[in-house]
Amino acid sequence: MADTRNPLVFSVRRQEPELVAPAEPTPREIKSLSDIDDQEGLRFHIPVIQFYRRSGGTEDPAKVIKGALAKALALYYPFSGRLREGPGRKLVVDCTGEGVLFIEADADVTLEQFGPALQPPFPCLDELLFDVPGSSGVLHCPLLLIQVTRLRCGGFILALRLNHVMSDAYGLVQFMNAVAELARGEQEPSVPPVWNRELLTARDPPCVTCKHVEYDEVEDIKGTIIPLDDMAHRSFFFGPAEVSALRRYVPYHLKGQCSTFELLTACLWRCRTIALQPDPEEVMRIICIVNARSKFNPALPLGYYGNAFASPMAISTAEDLCNKPLGHALELVRKAKRDVTEEYMRSLADLMVIKGKPHFTVVRTYLVSDVTRAGFTDLDFGWGKPAYGGPAKGGVGAIPGVASFYIPFQNNRGENGRVIPFCLPSPAMDRFVKELQALLRNAPDQHCAAAEDADQATQGVNLVQSAL
């Protein structure tokens, strides 16, 4: 566990926030979001952060990125507009061309001072991604806020906040890659933007044909929604040793069939349930975000930057999750992912219209989203790839404390893996750590696997307690 008794503290000097408008005139029009976009569970701003080392050039990253941003907005002009809500809670983008918020800043800190392992939670995040008063609403507010903070070492931090109804992780990276390409001197982005939100609009008449238990109305009769006070934020690294140890728990009939995502998700769901100490008969839920772009025939067009994912849910009693082997949770996670098809997505859009844009069930729910392939770590604005790129913290969402992200990461030993920010009440976090370490340490010795791997895995779990 990292030593947080003396957390890093530094000051950030910000210039006045300004609106960056498209570099060229853009159409003044109304654009409808899809019926996947405007669901209640996406009506929040999601934070992302990118750390960049110093390069040999002398250009000012804030000026370069600001200029490229204006050029990109001429193509992605809906980002410069504002959201309005119509009948049936339908969200539309009023393409006003007002622009996105941009903040230029300087910090009296070096990249090295953040430590050898750049991972959430990050110190002074509120200073690196300043919440401009009046800017964080869903309606009538800027849809994107970007802050570029120059560091004393010559590196910089790009932090941004996006209204999630506009894009998912893949859509956001597509837009930011357009900014990056223009910042590097390209004349136009390699992938032209595609709006076409009607591709994920409900049918007429709408008809729900699949089960969507993630949107069932569940009453919290036991007061089990996690309170936001006394929350602990930590990150856990899963590299080759950790994954190898966990794979020893995979049932024989699933050997070679389950993905790393499925394995980690089953493990975290089980350990989290044990840590929360629910009553045995309580129903525990997990949502696995599934990118549905390839589920369509034909696939959604290259360049589509709206939300194109499903949120299938697996369900189990706490007793079964805690007492049955890990294979129980693994089977449930795999089945939930398999449920996502083109018809599932059509049915989901229809359900949103029929039920009035409901929020997913949050009672005893844990949500995981894998962004390892989204491309955050490939965003190069001319200073090379980031030292860290991805979600700024875990637990974000319309209902804070529910979500974790799987983020590509290389630890200080040069091992590639995933870092997963986690958010739990402090007592539960302590129990979670013990349970996870025991799971890794006591992995079954299958096929003469060396016990040394499990010990290395236990030591490799990288825990960082929030300094907040």
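Predicted model: local features only at pLDDT ≥ 70, side-chain atom pairs only at ≥ 80, totals over all residues.

Colleague: How many charged residues are in the contact of α1 with α3?

Modeller: On the α1 side, the residues are V64, I65, A68, L69, K71, A72 and L73, and they meet F175, V179, L182 and A183 of α3. Sorted by class, this contact has ten nonpolar residues and no polar ones, and the number of charged residues is one.

Colleague: How are α4 and α5 oriented, roughly parallel or roughly perpendicular?

Modeller: Helix α4, residues 240–247, packs with α5 at an angle of about 75°, and their axes are 11 Å apart. Angles of 65 to 115 degrees form one class, so the orientation of α4 to α5 is roughly perpendicular.

Colleague: Which class of residue does the contact of α4 with α5 have five of?

Modeller: From α4, the contact is made by V243, L246 and R247, and from α5 by T260, L263, L264 and C267. One residue in this contact is polar and one is charged, while the class with five is nonpolar.

Colleague: Which residues are closest to the centre of the largest pocket?

Modeller: The largest pocket holds about 840 Å³ of space. Its lining has 24 nonpolar, twelve polar and six charged residues. Elements that give two or more residues to the lining include α3, α5 and β15. Of the 42 lining residues, the closest to the centre are I289, V290, S369, D370 and V371.

Colleague: Where is P298, the residue joined to N297 by a cis peptide bond?

Modeller: The bond from N297 to P298 has omega near 0°. Another cis bond runs from P120 to P121, with omega near -5°, and P121 is in the loop between β7 and α2. P298, in turn, lies in the loop between β12 and β13.

Colleague: What is the phi value of H140?

Modeller: H140 is in the loop between α2 and β8. This residue is not glycine, yet its phi is positive, near 60°.

Notes:
Residues numbered from 1 in each chain as written. Heavy atoms only, no water. 1 Å grid on protein atoms, 1.4 Å probe; cavity = no way out; pocket = protein on both sides within 12 Å on 5 of 7 lines; lining within 4 Å. Points joined across faces, edges and corners; volume = space filled by probe spheres on them. Helix = DSSP H or I, 4+ residues; strand = E, 2+ residues; numbered from the N terminus. Nonpolar A, V, L, I, M, F, W, Y, C, P; charged D, E, K, R; others polar. Contact = heavy atoms within 4.5 Å. Axes fitted to C-alpha atoms, helices over the stretch in contact; angles between N-to-C directions. Parallel < 35°, antiparallel > 145°, perpendicular 65-115°, else oblique.
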